Amino acid sequence: TVFFYAISFNLAMGHEQAVMAAKQNISSLAMAAQGLDGNTLKILSFTLNIFAIMTAFFGIFMGFQEACRGIAMNVLRRIMPEERINKKAVAIGTIIFAILVSWGANVLNAPILKMLTFLGPIIGIIGCLMPAYLVYQVPFLHQYKGFWLICIILTGFLLIISPFIS
């Protein structure tokens, strides 16, 4: 829906209008407001906002659910052979788990932004330092040593010390 919104404005606006919007630094929605009455614009912007929020939520939800499924499969493969694992049950279980976690975060009104302070070090370790360690330890990955790996290591250390700096 958001992609359709962007494409439809590109097709509906003329070149002169696009140049004028760029010079005045206004959005395409503001350009549309000049030609539409107030109620139509409110309904369109409300609809766009609903779809944008739903798209963002389901993108994050599906990514979380897929990560949980991968973790569950990895743990189960260590316990039993892969042929004995009921993949459909794992998929349904991870969907239920993801729904319960998102529901619980809403019910408890979890302060997600305050949790980011504590997630910085975890992201720094898992996302930056562990891959850098692997690059130094695995001979196949030695080709990635260089300036950018040092930047990743520095970013990891900054993420680790970020709660103490803020």
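Four aromatic pairs are counted in this structure, where rings of Phe, Tyr and Trp (its six-membered ring) pair if their centres lie within 6.5 Å. One of them is stacked, because the rings of Phe 57 and Phe 61 have centres 5.8 Å apart and planes at 25° (planes under 30 degrees apart count as stacked, over 60 as edge-to-face and the rest as tilted). The model is predicted, so local features need pLDDT of at least 70 and side-chain atom pairs count only at pLDDT 80 or more, while totals for chains, interfaces and linings use all residues. Residues are numbered from 1 along each chain as its sequence is written, and side-chain values use heavy atoms, with hydrogens and water left out.

- Phe 57 and Phe 61 both lie in helix α4 (residues 38-79), four residues apart, about one turn of the helix; helices are DSSP runs (H or I, at least four residues) numbered from the N terminus.
- Phe 57 is partly exposed at 41% relative accessible area, whereas Phe 61 is buried at 16% (buried is under 20%, exposed over 50%, partly exposed in between; 1.4 Å probe, protein chains only).
- Phe 57, Phe 58 and Phe 61 form one aromatic cluster.

**Contact between helices α4 and α5**
- Phe 64 and Phe 97 form a stacked aromatic pair, 6.1 Å centre to centre with 25° between the planes.
- Phe 64 lies in helix α4 and Phe 97 in helix α5 (residues 87-107), so this pair ties together parts 33 residues apart in sequence.
- Phe 64 is partly exposed at 34% relative accessibility, and Phe 97 is partly exposed at 44%.

**Met 115**
- Met 115 is located in helix α6 (residues 112-137).
- Its relative accessibility of 37% makes Met 115 partly exposed.

Note on methods. Helix = DSSP H or I, 4+ residues; strand = E, 2+ residues; numbered from the N terminus.
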